[in-house]
Amino acid sequence: EIRDSLGVRDPSYLAALESAVELDPTFVRAWAELAGLLSFDHFGQHNAESIQRVEKILTKIRTIAPQSADYLIAQAYYTYYVLQNYKQAYELINQAQLLRPNDERVIELKSWIERRLGDYDARIESLRLVGSLDPRNPYWTLILVQNLIVNHQYEEAARETDQATIKNLDLAVLNSLLELRHTHEPAQWRESLSALEAEYGQTVSPQDSWKAQIASRDFAGAEQALQAIKAENQNDPDWTENDLYMWLEIITYWFLQDSDRLALQLNRIQPVLDESRDPNGNFSDIDRYLTMAFVSAVEGNPEETKRMVRTWRREATSDLAEFSNFQHHACRALGMAAATAAAVECIRSGLVVPSQIMPFFEPYLPFYDAIRGDSQFVELLAELK
C-alpha cells in the first residue's frame, strides 16, 4: 500500500520492509522486495553497500526457501538492477511467473524488463494483464497509455483514456496531448492544460508545464516552470547534476537568448562533465553524451553535436529503454545545431521504433525553427501531414 501510494523511493517504504523482516525473519516475500529496493538503489548509482546487503539477503532467502518464487523474484531484481543482464533477468522472472501467474509485482517487474529489452508489444500485454488484476488502480491505465504512445499506437491510447473507469488529471493530460494528432498544433496544448487545471482544481506537473510553454514558444513561462522543477527537487543534492535538468537549463536559457545565464550554466556543467569521464575520456553514464550534444549545439558546433549523438546512439543499443526514452532529446539537439539532414533522419527513425517522437508534436516544436524552411524538413512535414 505504501509502495502504491508513495512510490518505492519514499523512505517509509524501506522502513516498512525493514520492520517486516525484523518482526518475522522468515518472511521471504518481504526479504525479496527489500532485495529489490536495495538493488534499485544501486541502479545507476553504484552503491557498494547496497550490493553487499542484497547479496546477503539472497543467501538468506536461498537458505529459507530455495525453490520459492520469492527467491526467483529477488534474483531477478538483482540481475536486472545490479548485473544489468536483462535477458537473464527475463528468464528468472518468467520462472517466477510460472509459480505465481497472477502476482502483480511479478508481472510489473516483467514489464520493466521487457521495456529494457525494447519489447514494447510484450510490455503492453503485461500491463494489460496487471491492470486486469488490479482494475481499481488508475496507475496501470496511466502507464499503459504512456507505453501505447511510445509504441506509436495513438488511436489505441486514446481509446484507453476514453474507456478508463477512473479519470484523473494525469490521464487527462495525456489525452490532451493525444488530441493534438487532429490539429498538429502543439502551441494549443498550453491552453488545454490550463483548462484541465481549472476542471480538476489541480496544477499539472512542472515538467508538463515546461513542455507546454516550450511548445507555445513562451520561453519566459518555460523559465518559470524550470524554477518550479528546481524547487520540487531542492531536497535532492544530486538533482542539479542530473542530465535531464542540465538539458532543461541549457534549452531554456538558449531560447531566452540569455547569454549571461547560459554561460553561467555551461560553466557550472563543465566540471560535472569533466569529473564524469573515465581515464580514456569516455562517459560511463551515456546520458552525458547527450549533455555534450546540447552544449555543442548552443556553442554553434554542429559537427560535434552530430558526433555526440552518434556516440550516444551506439552506446544506447545495449539499453533500448534508454533509446526509446531519450531519442527525441537527441533530435532536439540536432535541430538546435541546425544539422538538418541528421535531425530529419533522427525524427524519421524515431517514428519506426518505440520512442517519444510523436509525428503531430515533435517536428512542430521550436527546436527545429532554424531548419523549418529547409527543403528536407519541409518534405518531412509534408509526409507527416
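Predicted model: local features only at pLDDT ≥ 70, side-chain atom pairs only at ≥ 80, totals over all residues.
User: Thanks! In which helix does Ser296 lie?

Analyst: Helices here are DSSP runs (H or I, at least four residues), numbered from the N terminus, while strands are E runs of at least two. By that numbering, Ser296 belongs to the helix spanning residues 287-298, H17.

User: Is Ser296 buried or exposed?

Analyst: Buried means under 20% relative accessible area, exposed over 50%, and partly exposed in between (1.4 Å probe, protein chains only). Ser296 has a relative accessible area of 4%, so Ser296 is buried.

User: Which residues does Ser296 touch, not counting those up to four places away in sequence?

Analyst: Contact means heavy atoms within 4.5 Å. With residues up to four places away in sequence set aside, the partners of Ser296 are Asn301, Glu304 and Thr305.

User: How many residues of H17 are buried, and which helices are included in what covers them?

Analyst: H17 is mostly covered, with 12 of its 12 residues buried; among them are Arg288, Tyr289, Phe294 and Ser296. The cover includes helix H15 (243-255), helix H16 (259-276), helix H18 (302-316) and H19.

User: How far does H17 reach from its first C-alpha to its last?

Analyst: The expected span of a helix is 1.5 Å times one less than its number of residues. For the 12 residues of H17 the expected value is 16 Å, and the reach is close to that, at 17 Å.

User: Which residue takes a positive phi just after H17?

Analyst: The phi is about 80 degrees, and the residue is Gly300.

User: Which cysteines form a disulfide, and what is its handedness?

Analyst: A disulfide is a pair of cysteine sulfur atoms within 2.5 Å, and the count comes to 1. Cys331 and Cys346 form the link, with sulfur atoms 2.1 Å apart. The pair links distant parts of the chain, Cys331 in helix H19 (residues 320-336) and Cys346 in helix H20 (residues 340-350), 15 residues apart. Both Cys331 and Cys346 are buried, and with -85 degrees about the S-S bond, their link is left-handed.

User: How are H5 and H6 oriented to each other, roughly parallel or roughly antiparallel?

Analyst: Axes are lines fitted to C-alpha atoms, for helices over the stretch in contact, and angles run from 0 to 180 degrees between N-to-C directions. Angles under 35 degrees count as roughly parallel, over 145 as roughly antiparallel, 65 to 115 as roughly perpendicular and the rest as oblique. Helix H5 (residues 69-83) and helix H6 (residues 86-99) pack at about 160 degrees, with axes 8 Å apart. H5 and H6 are therefore roughly antiparallel.

User: Is the crossing of H11 and H12 left-handed or right-handed?

Analyst: Helix H11 (residues 169-179) and helix H12 (residues 189-200) pack at about 155 degrees, with axes 10 Å apart. A crossing is left-handed if the near helix is turned anticlockwise from the far one by less than a right angle, and right-handed if clockwise. The crossing of H11 and H12 is right-handed.

User: And what is the relative accessibility of Ser194?

Analyst: Ser194 has its place in helix H12. Ser194 counts as partly exposed because its relative accessibility is 42%.

Terms used: Residues numbered from 1 in each chain as written. Heavy atoms only, no water.
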